[in-house]
Amino acid sequence: MLDLKLLRHDPEHVTKRLQLRGLDWDRALFADLEARRKSLQTDSERLQAERNALAKKIGQSRAQGLDVSDLMQQAQAINERLQADEGALAVVQGQLEQHLLTLPNLPHDSVPPGRGEEDNVEVRRHGQPRAMNFTARDHVDLGEALGLLDLEVAAKITGARFSVLKGGLARLQRALTQFMLDLHSVEHGYTEVYVPYLVNADSLRGTGQLPKFAEDLFVLQGERPYYLIPTAEVPVTNLLRDSIVDAAQLPLKWVCHTPCFRSEAGAYGKDTRGLIRQHQFEKVELVQMVPPSQSYAVLEQLTAHAEEVLRRLDLPYRVVSLCAGDLGFSAAKTYDIEVWLPGQSRYREISSCSNFEDFQARRLQARWRTSGSKPELLHTLNGSGLAVGRTLVAILENYQDESGRIAIPDCLQSYMRGQTHLR
């Protein structure tokens, strides 16, 4: 959520930054709600002062034995007006909060301008796509030919955009997960956490998924409306909701493996083949909470941690800085890491690493303080380290040979009991 003080005192700045995202902020609506709020608040304060003065007068008159019936009628009238004002103020404040919940974060000054994906700026590349003297097959053809990937039976069990992995491919997915968790927890200093896969609406509002992305969520109907998590970012970031941490505890660094569930609303017809865009998928998520002065240095660090997975797997990739028009709702700046997929002859996103500044922390009331100082909002960051299914896709396509056999990267072989190939 944006800082209400910023909207009140520098609406021109907010308007210009949101226009970079392609959003025309309804300043007139905000100004109207603010004017009504201020008027009702002022009137309520005046009525409260009148009521207090009248209560004092009633007490003095009673002490003198005077008739206070007229004064009591006046007090009743003030109470009724005050009750009406307080009810109207609650409505206006609710409308103001709903308006704020629709506004995305402001792009950081370093974010490149642009309207969409075509305007993203490449920052760096690592590795070269392998030379193949045969026509590369995509992961679906490879997995099905090995008898290890079954999309047809998954569709029968559940529906489209689900998969069944078997044998060595299922084990390879588990190996990837273990490798990522070990790398981030042992070498990069993250604390591994296990969290619920179901969350409440407050948790989703806190990280910005609600109300903006309600259609992309799976909700369970029951006594309480629980949601399946779209990413571990939601429960992990909510670990500090309504909390104040001491500066000595920072930075807080968490790594978490979870399944993720997305309805992919608005993505119909996109990536319908294979594992690229599934309703259920695995992800290892990195989350950091830091003082504001450190967050942009930490964004570079967190991105490098995600990149290290691809370096160890010897997979070619590139890093792009998302333009303002392609930023996620809550992000102030995002780097996408894109891995090379020979079956598609293109780079595809495998991780997004974002700095949300205090946008999520304001919704969550996640704060920090030094000794004797007032609490301040934290800056929150996260990124996939990595999306396990897409990493699996990248290994299948980059490590294939002409016969369809898949070499297992060296760093994963110990997790595969020494197995060197999928046959």
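Me: By class, what residues are in the lining of the second largest pocket?
Reply: The model here is a predicted one. In the lining of that second largest pocket there are six nonpolar, three polar and six charged residues.

Me: How much space lies in the second largest pocket?
Reply: The second largest pocket holds about 200 Å³ of space. It has 15 lining residues, and those closest to its centre are L6, H13, N105, L106 and E357.

Me: Which elements give two or more residues to the lining?
Reply: Those are α2 (11-20) and α11 (359-364).

Me: OK, stepping back. How many helices and strands does the protein chain have?
Reply: The chain has twelve helices and 18 strands. Its C-alpha atoms fill a box of roughly 105 × 45 × 40 Å along the principal axes.

Me: And what percentage of the residues count as buried?
Reply: Of the 423 residues, 49% count as buried.

Me: Switching to charges. How many salt bridges does a search of the whole structure find?
Reply: It finds 25. One of them pairs the side chains of R37 and E34, with N to O at 2.9 Å.

Me: Where are R37 and E34 in relation to each other?
Reply: R37 and E34 are three residues apart in helix α3 (residues 27-63), so about one helical turn separates them. An α-helix has 3.6 residues a turn, so residues three or four places apart point the same way.

Me: Are those two buried or exposed?
Reply: R37 is buried, and E34 is buried as well.

Me: Which residue forms a salt bridge with R130?
Reply: R130 pairs with D314, and their closest N and O atoms are 3.5 Å apart. This pair links distant parts of the chain, since the two residues are 184 residues apart. R130 sits in the loop between β1 (121-126) and α5 (139-146), while D314 sits in the loop between α10 (295-313) and β11 (317-321).

Me: How accessible are R130 and D314?
Reply: R130 has a relative accessible area of 29%, so it counts as partly exposed. D314 is also partly exposed, at 49%.

Me: Which residue in α10 has its C-alpha atom 8.4 Å from that of G127?
Reply: That is R311, which is found in helix α10. R311 and G127 are 184 residues apart along the chain, with 8.4 Å between their C-alpha atoms. R311 is partly exposed, with a relative accessible area of 39%.

Me: Back to salt bridges. What does R362 pair with?
Reply: The side chain of R362 meets that of D358 in a salt bridge, at 3.1 Å from N to O. R362 is at 15% relative accessibility, so it counts as buried. D358 is partly exposed, at 23%. Elsewhere, salt bridges that share partners join E122, R125, R318 and E338 into one network.

Me: Now R161. How far away is the nearest side chain of opposite charge?
Reply: That side chain belongs to E264, and it is 5.7 Å away. R161 is buried and has no salt bridge.

Me: What lies 3.0 Å from a polar atom of the R161 side chain?
Reply: The backbone oxygen of R277 does. R161 itself is in the loop between α6 (151-157) and β3 (164-165).

Me: New topic, the backbone. Which residues does a cis peptide bond with omega of about 5° join?
Reply: That bond joins L210 and P211. P211 lies in the loop between α8 (201-207) and β6. Another cis peptide bond joins L250 and P251, with omega about 0°. P251 is in the loop between β8 (243-246) and β9 (252-261).

Me: What is phi of D242 near?
Reply: Phi of D242 is near 55°, which is positive, and D242 is not a glycine. Most residues other than glycine have a negative phi, and most peptide bonds are trans. R417 also has a positive phi, of about 55°, without being a glycine.

Me: Are D242 and R417 buried or exposed?
Reply: D242 counts as exposed, at 57% relative accessibility. R417 counts as exposed too, at 75%. D242 is in the loop between α9 (233-237) and β8, and R417 is in the loop between β17 (406-407) and β18 (421-422).

Terms used. Residues numbered from 1 in each chain as written. Predicted model: local features only at pLDDT ≥ 70, side-chain atom pairs only at ≥ 80, totals over all residues. Heavy atoms only, no water. Helix = DSSP H or I, 4+ residues; strand = E, 2+ residues; numbered from the N terminus. Buried < 20%, exposed > 50% of the residue type's maximum accessible area, 1.4 Å probe, protein only. Lys, Arg positive; Asp, Glu negative; His and termini not counted. Salt bridge = Lys/Arg side-chain N within 4 Å of Asp/Glu carboxyl O. Polar contact = N/O pair within 3.5 Å; in protein donor to acceptor, adjacent residues only side chain to side chain. 1 Å grid on protein atoms, 1.4 Å probe; cavity = no way out; pocket = protein on both sides within 12 Å on 5 of 7 lines; lining within 4 Å. Points joined across faces, edges and corners; volume = space filled by probe spheres on them. Nonpolar A, V, L, I, M, F, W, Y, C, P; charged D, E, K, R; others polar.
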